[in-house]
Amino acid sequence: MMSPSLLSLLALGLSSVSALQVSTPAQHAKLVFLRHGQSTWNQLNLFTGWVDVPLSELGVEEATAGGQELKKAGLKFDVAYTSLLQRAQETCRIGLTESEQLDVTVVKDWRLNERHYGALQGKDKKETVAEFGEAQVKVWRRSYDVPPPPVEAGSKYDAKVDPLYAGIDPSTLPECECLKDTVERCLPLWDEQIAPALQRGETVLVAAHGNSIRGLLKFLDGISEDEITGVEIPTGIPLVYHLDKELRPIPAEGCIAPLCGAFLGDAEAVAAAAAKVAAQTAVAKPEEAANSAVKLDMANMAALEQDN
């Protein structure tokens, strides 16, 4: 017969195991985010937003590496979602090709587009800082709820006259957006299509843009308005989320707050990519301007991909 003390210890151990099981919900679905690689306009240091430009050679390489990581991880998708912009679509296609999943259904939806940069679209970022000043450009780029000036009505960058958006109610198409607007644009797609797929236990790929992905992460991880503007998403590196039946994120091993998902690949390479994106947020300082020209360190004013 077991002694009372041994029985107590055994009961305590069973209680601990039971508590651990309760605190670790079972995985129900997987959601993978893949941010598009460098575009040709990122390379030229231009504000891009909704302008439909292709991937650069580096962007193709980044998307290819991301697809190879998907294959290594053995991820098998039931459905993929991407934007109407070719740089995201091409990233999605390359990712599925490299992971040998070309038969996966791909849904293309404008609500996953990058943030609309309004009148800044097509402008050189250095010249924009010279024209409006460092402080103003920083507010437009990194505040949560302050949009840039609207695009000129009827211009080549106005989505309302772009054939790509024919058939979409013009009143829903933005003239400019802040991150708050982008979040509010993305969430209806989540409610209508992405969440139902996940509730069915499917594995879903979202190949999109820095700000549309950031908007979904804000909702998914419950990130505050102040904190989400500082969240950096490296290009071409898959970000994997495991979700329970309530579609709540299960913190992954190696995740870094405030995100509950984990990036695939070598930890040092992921950290270096994140640091590179973070370094790209710098803007010119007023004293760097001379004769209306802004001279910037290219490491600080490389393509600001988190905004594109």
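In this predicted model, Y241 touches A29, K30, L31, F33, L217, L220, D221, P249, L259, C260 and G261, leaving aside residues up to four places away in sequence. Y241 belongs to strand β5, which covers residues 239-243. With a relative accessible area of 1%, Y241 falls under the 20% limit and is therefore buried. One of its neighbours, D221, is also its polar partner: a polar contact of 2.4 Å joins the side chains of Y241 and D221. The C-alpha atoms of Y241 and T203 are separated by 9.8 Å, and these two residues are 38 residues apart along the chain.

An α-helix has 3.6 residues a turn, so residues three or four places apart point the same way. Helix α3 itself comprises 17 residues (57-73) and reaches 25 Å from its first C-alpha to its last, close to the 24 Å expected at 1.5 Å a residue. After α3 comes G74, with a positive phi near 70°.

A further packing arrangement involves helix α5 (residues 125-132) and helix α6 (residues 134-142), whose axes lie 6 Å apart at an angle of about 120°. At that angle, α5 and α6 are therefore oblique to each other. The residues making the contact are T128, V129 and F132 of α5, together with E134, Q136, V137 and W140 of α6. By class, this contact of α5 with α6 consists of four nonpolar, two polar and one charged residues.

Notes
Residues numbered from 1 in each chain as written. Predicted model: local features only at pLDDT ≥ 70, side-chain atom pairs only at ≥ 80, totals over all residues. Heavy atoms only, no water. Helix = DSSP H or I, 4+ residues; strand = E, 2+ residues; numbered from the N terminus. Expected span 1.5 Å × (residues − 1). Buried < 20%, exposed > 50% of the residue type's maximum accessible area, 1.4 Å probe, protein only. Contact = heavy atoms within 4.5 Å. Polar contact = N/O pair within 3.5 Å; in protein donor to acceptor, adjacent residues only side chain to side chain. Axes fitted to C-alpha atoms, helices over the stretch in contact; angles between N-to-C directions. Parallel < 35°, antiparallel > 145°, perpendicular 65-115°, else oblique. Nonpolar A, V, L, I, M, F, W, Y, C, P; charged D, E, K, R; others polar.
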